[in-house]
Amino acid sequence: MDACRPTAVTAMCGVRVYPETPLATTLLERGEVPAPEALYEPWFYFAPEVREGLADVVAHAARERGNWLLPGMKLPDEEALHARLRGRGLKGDLWRFVSRLRLGQSLGGAAGDAD
């Protein structure tokens, strides 16, 4: 991805599990989902072989690069970025602004204005 120099990267960890699917049933039977209600919010399954540490590795890579978005991981800097962009009246696809703003770094001067 680095060689492509993308505007933004949406990276996902794990497999999204939806309620009332065969995968959800299997994971509930194995006790890998805390309760059926947990699946009504985004819930991602990680295979045991990669479960430990994978999310941390991907989150670290996202913070280093600044233009990776990680839906479902609720990174505080990503949520703060979106709030700041929306607060400045920006609408639509916020990922278009990510390469200019760099997640986890100063947002001064975003969208042509200064803090």
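**Fold, cores and salt bridges of the predicted chain**

The protein chain shows an accessible surface of about 7500 Å², and carbon and sulfur atoms hold 54% of it; the areas come from the Shrake-Rupley method with a 1.4 Å probe, and for residues only the protein chains shown count as cover. This is a predicted model, so local features need pLDDT of at least 70 and side-chain atom pairs count only at pLDDT 80 or more, while totals for chains, interfaces and linings use all residues. Residues are numbered from 1 along each chain as its sequence is written, and side-chain values use heavy atoms, with hydrogens and water left out.

There are 4 helices and 4 strands in the protein chain, where helices (H or I, at least four residues) and strands (E, at least two) are DSSP runs numbered from the N terminus. Read from the N terminus, the order is β-β-α-β-α-β-α-α. Of the 115 residues, 30% are buried, with buried meaning under 20% relative accessible area, exposed over 50% and partly exposed in between (1.4 Å probe, protein chains only). Taking contacts (heavy atoms within 4.5 Å) with a separation of 6 or more, 50% come from residues 24 or more positions apart.

Now for the inside. Nonpolar side chains tend to be buried together in soluble globular proteins. Here the largest nonpolar core has 11 residues, including Val 9, Phe 44, Phe 46, Trp 68 and Leu 70; such a core is a set of buried Ala, Val, Leu, Ile, Met, Phe, Trp, Tyr and Cys residues joined through side-chain atoms within 4.5 Å. Helix H2 (residues 48-65) is the top contributor to this core, giving 4 residues. Apart from this core sits another of 7 residues, with Val 17, Leu 27, Val 33 and Leu 39 among them.

H2 itself deserves a look. With 18 residues, H2 reaches 27 Å from its first C-alpha to its last, close to the 26 Å expected at 1.5 Å a residue (1.5 Å times one less than the number of residues). There is a bend of about 45° at Leu 54, taken as the angle between axes fitted to the seven residues ending there and the seven starting there. Val 58, Ala 59, Ala 61 and Ala 62 are the buried residues of H2, and strand E4 (68-69) is part of what covers them. Just past the helix, Gly 66 takes a positive phi of about 85°.

The charged side chains make 4 salt bridges, each a side-chain nitrogen of Lys or Arg within 4 Å of a carboxyl oxygen of Asp or Glu. One of them pairs Asp 2 with Arg 65 at 2.8 Å, N to O. Asp 2 lies in the segment before strand E1 (9-10) and Arg 65 in H2, so this pair ties together parts that are 63 residues apart in sequence. Both ends are partly exposed, Asp 2 at 45% relative accessible area and Arg 65 at 24%. Arg 65 also bridges to Glu 64, with the closest N and O atoms 3.6 Å apart, and the shared partners join Asp 2, Glu 64 and Arg 65 into one network. Elsewhere, Arg 30 bridges to Glu 32 at 2.9 Å between the closest N and O atoms; Glu 32 is partly exposed, at 23% relative accessibility.

Most residues other than glycine have a negative phi. Arg 5, in the segment before E1, has a positive phi of about 50° and is exposed, with a relative accessible area of 75%. Glu 20 likewise has a positive phi, of about 60°; Glu 20 lies in the loop between strand E2 (15-16) and helix H1 (22-29) and is exposed at 73% relative accessibility.
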